[in-house]
Amino acid sequence: MFSLRRKGDYRLQFTRALKRPGKYRVELYLFTPYDERFSEWTLSEQQFFFKALEHRFRLLGHPDSSRAGKSGSSFTLLSPHYEIQYGSWLFQYRASIDHLRQQILTSELADEPVKRALRLIQNFARRLRKSSPEQDSHHRYFRLVDVYFSWHAEQFLLECMAMEGFSGLDHELKQSIGEFLEQEYRYRREMKYEPDFGGSPTRLWNRMSLYLRLLEFPVVLRSKVSELGSGTRKLVKAITTMLVMSLFTYFLFNTRANSQQLSLALLLAIALTYALRDLLRDDMITRLTGWLRKGRPRWKIRLLMPYTNKLLALQNVWLDYRKRPDLPQPILDHSSTWAANEERQIICFRSMLNLDKAALVENQIQERLSVDCEELCSLIQATRNKVFTWADKDDPASGVEAHPIDKQHDYDLLLVTTELSQGYSAAQRWRLRLGTHGIVKCETRKVDWPTPEEQVSKKALRRLRERFRKR
């Protein structure tokens with residue numbers, strides 16, 4: 001199952017950890033409030049895939065093997081493995097902290113999640129600073145990790161302190177947070193990290209974002225995207241050109257045989273034929289190519305190991321716009337209560353990942369799916385309408401207030417995950433409310449999805465029916 005995290009005003013990020021090799025299928029259905037007005041002409045499928053969607057994979061180290069690997073002296077001499085190991089530690093820590101932050105934001109501030117977060121921060125600080133690297137290249141990367149961790153831990157604790165219920169927490173817990181922050185400030189002065197924390201808040205944020213991109217480089221899997229169907233399109237283009245020109249040549253020779261001279265009407269007919277060919281050619285090629293490639297993936301992605309470029313996984317990606325009757329039958333059966341509009345446009349994204357066993361020998365893989373709603377928010381037309389109310393409902397003489405209206409659209413997001421070796425799927429659903437300035441609200445909604453036992457029994461019954469039909 002994926003965990004959700006909001007990033008900024010427009011972005012949603014879904015993350016999960018892949019621990020076993022095999023085939024993983026992810027299906028994302030975004031039910032838009034639009035009907036025929038929303039199509040590939042409004043926002044093309046290719047534009048949505050490359051701008052609004054981001055599907056990335058990152059290395060996460062196993063905790064036990066990571067501790068064992070750090071103790072070996074030969075390990076520290078291998079530069080790529082050193083950066084990968086420390087980077088995987090950092091992002092495994094960030095994933096745990098983000099999970100605790102989500103728990104804190106979705107419920108009231110309590111002692112237990114804050115204690116767990118503080119304990120996680122203290123343990124990671126001891127583990128990270130247990131030994132200092134000797135090589136210069138290792139030392140530069142260690143410094144980036146150490147600076148970014150110090151800033152990230154400080155921001156999380158300060159965010160907790162700024163929350164409304166912080167004053168009601170346990171006194172010893174608040175004292176421990178203050179002592180850790182004071183200790184961290186002393187450590188920065190000792191290590192001469194203070195220049196990295198200077199400048200305005202905006203400049204500090206941009207600097208830490210740059211550090212994060214540098215730290216991500218050794219652990220993010222390289223992706224090489226290949227668009228599929230170019231050969232089919234070229235073949236369709238060649239065949240249509242051959243057919244059109246053959247018919248045109250046949251018409252021209254017959255006309256020339258019946259009439260020994262070229263007339264003005266014949267020249268106009270030739271020009272009209274060329275104009276019609278150029279007018280219909282692109283649409284005809286696109287439709288024929290789409291018909292021939294219906295159901296086949298649009299893109300193929302090769303996921304490579306950092307530094308070594310070793311192939312770890314292959315990914316096939318589908319993306320298209322559909323209406324509700326064109327959806328798969330399981331989606332139709334379990335979305336009838338909240339998506340009954342037959343004309344509603346639905347953005348369908350599907351990914352099939354074939355993860356090699358070699359990818360999980362030393363690491364887990366973190367899957368991260370990000371959805372940027374800025375393009376969708378730009379489709380909402382701003383309004384200047386206002387609602388007028390009394391300042392005090394009980395006193396008509398109190399005056400009139402004008403409230404501007406922020407136009408909003410509701411989307412439903414359904415995420416279906418399947419590990420093919422298990423033979424069953426799981427679904428998650430969210431209700432998104434988008435405004436002109438970003439995501440207004442994001443709520444988790446219950447989805448009526450069959451249990452694994454029900455899915456297995458249905459498959460068994462389907463197999464029995466197919467056997468009886470063959471007999």
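Visitor: Why are α5 and α6 called roughly antiparallel to each other?
Guide: In this predicted model, the axes of helix α5 (residues 136–161) and helix α6 (residues 171–191) cross at roughly 150°. Angles over 145 degrees count as roughly antiparallel, and α5 and α6 are therefore described as roughly antiparallel to each other. Their axes come within 11 Å, and α5 passes α6 in a left-handed crossing.

Visitor: Which residues of α5 and α6 meet?
Guide: From α5 they include Trp151, Leu157, Leu158 and Met161, and from α6 they include Ile177, Phe180, Leu181 and Tyr185.

Visitor: What makes β5 and β14 the edge strands?
Guide: The open sheet has 8 strands in the order β5-β6-β7-β8-β3-β12-β13-β14, with antiparallel pairing, and β5 (222–227) and β14 (438–445) each pair on one side only. Neighbouring strands of this sheet are turned by 20° against each other on average, direction ignored.

Visitor: How do you know that β12 and β13 pair?
Guide: Two strands pair if at least two bridges are found between them, and strand β12 (residues 408–419) and strand β13 (residues 424–435) are joined in the antiparallel sense over 12 bridges. Leucine 413 stands opposite tryptophan 430 in β13.

Terms used
Residues are numbered from 1 along each chain as its sequence is written. This is a predicted model: local features need pLDDT of at least 70, side-chain atom pairs count only at pLDDT 80 or more; totals for chains, interfaces and linings use all residues. Side-chain values use heavy atoms; hydrogens and water are left out. Axes are lines fitted to C-alpha atoms, for helices over the stretch in contact, and angles run from 0 to 180 degrees between N-to-C directions. Helices (H or I, at least four residues) and strands (E, at least two) are DSSP runs, numbered from the N terminus. Angles under 35 degrees count as roughly parallel, over 145 as roughly antiparallel, 65 to 115 as roughly perpendicular and the rest as oblique. A crossing is left-handed if the near helix is turned anticlockwise from the far one by less than a right angle, and right-handed if clockwise. Contact means heavy atoms within 4.5 Å.
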